[in-house]
Amino acid sequence: MNTEPEKPSVQDTATNPMDLTEEEATRYDRQMRLWGIEAQQRMRNATILVVKLGGVATEAIKNVVLAGIGKLIIVDDENVREEDLGAGFFFRDSDVGRKRLDAAKSRIESLNPLVTVETITENSASNEEWLESVVKTVDLVCVTDWNRDGLIRINDLCRKYNKPFYAGGTYGLYGYIFCDLLEHEYLSPDRTVPKEQAKTVKTTMNYSSLSSALTYRWTALTKRKAKELNPAPLFAILGKHPCVWQFQSTHGYLPDDSTLADDLEKISNSILTQADVNKQVLPAIPRNVVESFATTAAHEFSPICAIVGGMLAQDILKALGGRDAPIANFFVFDGTIGGGTVCRLDMP
């Protein structure tokens, strides 16, 4: 039964931790051997809010539920479309026209009966008062396939209540992940001791908000660094005034026509100038990248969603467990070359 947005039955698990049951210890035995009992305990006591059930979220939800988080709250008010059947493996042909969450809830629950799944099919993410009431009570917020202004708004709300924030999505053959983990502590291998004396040390990273990251200036970007980062897709998605995000903000929809390539090219090249990118490093966004965004940005491709969603879930679990360094702080995947890069924007 779906929960009405005015009365979200959300419990703050961070203030009410529970020990693993015998059933949980048995189910999660293999992964506890990988990342430890304490990390599994933190995952077990975590409540995650996921906004929008698209292809990326579908893959991420599968992985975090199988890993054994405590509670998952999903907000999505859309109906299943035929286009959702490709990357949305929680949907069937007969689900077209139904609410996405009505169709997916039982299938998500069947992945791991020990995880509590709560679904909200109202347009609650646009309700500032409701959203604030829920963000206060969860342990981590993940928003997928959302517009720039909405992501900034929710990220700022998460910062207000000291909640880690993830965003992710795909635009055809390209995808991204952004995370703002505030001041994040994690255990990492101590590189100063011999391998036979291996031990871990506590490390702290300070993250920036999305609005701050988008103002990052690239004056010092060298040719070598540019080759490592593959910045063209990054600027096509992100940058000070993101190309695709800016187009979506201006027109109200994602590009889906090759005739829009000229508009996108103008926006993306304007971004390079505003971000102070050395023209010798990247004189312009390659035309093939622009054309790919112009024709495919509005579509989901299952392999791209699987890769980006899998990376997103892996990083969420890493952040919850407090073991090893999470993404710092943008990950961009380029499906045309089958590779991704992590870009550290406006982080000390």
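**A helix and its neighbours**

Begin with the buried residues of α5, which pack against α4 (55-67), β2 (71-75) and β3 (116-120), where contact means heavy atoms within 4.5 Å, buried means under 20% relative accessible area, exposed over 50% and partly exposed in between (1.4 Å probe, protein chains only), and helices (H or I, at least four residues) and strands (E, at least two) are DSSP runs numbered from the N terminus. This is a predicted model, in which local features need pLDDT of at least 70 and side-chain atom pairs count only at pLDDT 80 or more, while totals for chains, interfaces and linings use all residues. Residues are numbered from 1 along each chain as its sequence is written, and side-chain values use heavy atoms, with hydrogens and water left out.

Within α5, select R100, L101, A103, A104, K105 and I108, which are buried.

**The cores**

Next, select I61, L72, I108, Y166 and I316, the residues with the most contacts inside the largest nonpolar core, which has 53 residues; such a core is a set of buried Ala, Val, Leu, Ile, Met, Phe, Trp, Tyr and Cys residues joined through side-chain atoms within 4.5 Å. Helix α14 (residues 302-321) supplies the largest share of this core, nine residues. Centre on I316, and you will find that I316 touches I48, V64, L140, C142 and Y166, residues up to four places away in sequence not being counted. Apart from this core lies another, of 30 residues, including I154 and Y171.

**Loops**

Finally, move to the loop between α14 and β9 (330-334), where N329 is placed, and inspect the cis peptide bond joining A328 and N329, with omega of about -10°.
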